[in-house]
Amino acid sequence: MQTRPTRSALYIPGSKPRALDKARGLTCDVILFDLEDAVAPDAKIEARSNLHDALAQGGYGGRLKLVRINGLDTDWGADDARAAAKMPCDGVLVPKVSSPADLDAVADLVPDLPLWAMMETPLGILNAQTIAAHPRLEGFVIGTNDLAKDMGSRTRAALTTALQHCLLAARAAGIVAIDGVYNAYQDQDGLQRECIEGRDMGFDGKSLIHPAQLDTANAVFGPTAEDIDLAHRQIAAFDAAVAEGQGVAVLDGRIVENLHIVTARATLAKADAIAALERT
Ligand SMILES: CC(C)(COP(=O)(O)OP(=O)(O)OC[C@H]1O[C@@H](n2cnc3c(N)ncnc32)[C@H](O)[C@@H]1OP(=O)(O)O)[C@@H](O)C(=O)NCCC(=O)NCCSC(=O)C[C@H](O)C(=O)O
Ligand SMILES: [Mg+2]
């Protein structure tokens, strides 16, 4: 089970050495080192080599480092998987996963690393429950662009059922779920709205394409000072109620039950994990 922060997951094309270098100083929680759609066919081999060198050089701190390989049905996928298996990364992100068998095939080539699944095909969404239950899987990253293309959908609202289905599957399996990208990377208001929507649905973070999107995702998906204060006060109120033989506390006119304490402790643990990451 992944416990590191996943508020912001930035795609970095393996074909862009400057961006690979710049990422060492960026405040993303997760780096999605991309060999797939951000890399042109002619640049695929060089991108794999760039990525090998960048990861070997290190300097990415405690960020979660995932390598998105090409699909095994392409000319590059199997070699990407074999190369990623030897890279000092935290997992392999498999594109266009439609069934657990797609993960089995990559797992055979990558024996020792966790797997993550791009959820971006209609069949994959329908099979989300069995994909999420794969023993090597640590998380979903939603591919809203490919999904919208395959479904013929023109709005994010049209994807709501698919997003919720993925979330249900992820939560049932206890894995991470990261929302899709917001393409208009210079539109901060639109990004903020979509981050809030994703957070309120239950996502753990947002996948991003440009450094200018980091602050918004980190702020929206991270606990605020008010969240942290409320969590402390809920725990204190509940402890006091329990000490008096009560099973329920009342705080600010609202009941506080054990289930709220689970959420409060999770909020504090998340804040601690973010602080620890920021120290690396
Ligand atoms: C979108 C971009 C092509 C814009 O590039 P550019 O015009 O070069 O941006 P800027 O000049 O504003 O860049 C400023 C500096 O920031 C660095 N930079 C830019 N993007 C990144 C990045 N992603 N990671 C790290 N650093 C980045 C530039 O190097 C500049 O640095 P400096 O020279 O020092 O000033 C570009 O942002 C880009 O290529 N983004 C990634 C696109 C991508 O990865 N697409 C694929 C993933 S999305 C997807 O596939 C989703 C899914 O599969 C689905 O189906 O939905
Ligand atoms: Mg995609």
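Where is the place of Asp252? Asp252 sits in the loop between strand S9 (249–251) and strand S10 (254–256), where helices (H or I, at least four residues) and strands (E, at least two) are DSSP runs numbered from the N terminus. The model described here is predicted: local features need pLDDT of at least 70, side-chain atom pairs count only at pLDDT 80 or more, and totals for chains, interfaces and linings use all residues. Residues are numbered from 1 along each chain as its sequence is written, while chains are lettered from A and ligands numbered from 1 in the order in which they are written.

The chain is divided into domain 1 (8–221) and domain 2 (225–278), with bounds that come from an automatic or database domain assignment. The centres of domain 1 and domain 2, taken over C-alpha atoms, are separated by 32 Å.

Eight strands close into a barrel in the order S1-S2-S3-S4-S5-S6-S7-S8, with parallel pairing. The twist from one strand to the next averages 25°. Two strands are taken to pair if DSSP finds at least two bridges between them. Angles run from 0 to 180 degrees between N-to-C directions, and axes are lines fitted to C-alpha atoms, for helices over the stretch in contact.

Strand S1 (residues 8–13) is mostly covered, since six of its six residues are buried. A residue is buried if 20 or more other C-beta atoms lie within 10 Å of its own, exposed if 12 or fewer, and partly exposed in between, with C-beta atoms placed from the backbone. Ser8, Leu10 and Ile12 point one way from S1, Ala9, Tyr11 and Pro13 point the other way, and all are buried. S1 runs parallel to strand S8 (residues 205–208), to which three bridges join it, and Leu10 stands opposite Leu208 in S8. S1 also pairs with strand S2 (residues 30–34) in the parallel sense, over five bridges. The bridge partner of Tyr11 in S2 is Leu32. Together with helix H1 (residues 17–22), S1 and S2 make a right-handed β-α-β unit. A crossover is right-handed if, with the strands pointing away from the viewer, the path from the first strand over the helix to the second runs clockwise.

Strand S4 (residues 91–94) is covered on both faces: Gly91 and Leu93 on one side, and Val92 and Val94 on the other, are all buried. Strand S3 (residues 64–68) runs parallel to S4 and is joined to it by three bridges, and the bridge partner of Leu66 in S4 is Gly91. The chain passes from S3 through helix H3 (residues 77–85) to S4 in a right-handed β-α-β crossover. Three bridges also join S4 to strand S5 (residues 115–119), again in parallel, and Val94 has Ala117 as its bridge partner in S5. A right-handed β-α-β unit is made by S4, helix H4 (residues 100–109) and S5. Met118 is found in strand S5 and is buried, with 25 other C-beta atoms within 10 Å. Between Met118 and His260 there are 142 residues in sequence and 31 Å in space, C-alpha to C-alpha.

Most residues other than glycine have a negative phi. Lys96, which lies in the loop between S4 and H4, has a positive phi of about 50° although it is not a glycine. With 22 C-beta neighbours inside 10 Å, Lys96 counts as buried. Asp252 likewise has a positive phi of about 50° and is not a glycine. Asp252 is exposed, with 9 other C-beta atoms within 10 Å.

The axes of helix H11 (residues 225–243) and helix H12 (residues 258–278) come within 9 Å and cross at roughly 135°. H11 and H12 are therefore oblique to each other; angles under 35 degrees count as roughly parallel, over 145 as roughly antiparallel, 65 to 115 as roughly perpendicular and the rest as oblique. The crossing of these two helices, H11 and H12, is left-handed. A crossing is left-handed if the near helix is turned anticlockwise from the far one by less than a right angle, and right-handed if clockwise.
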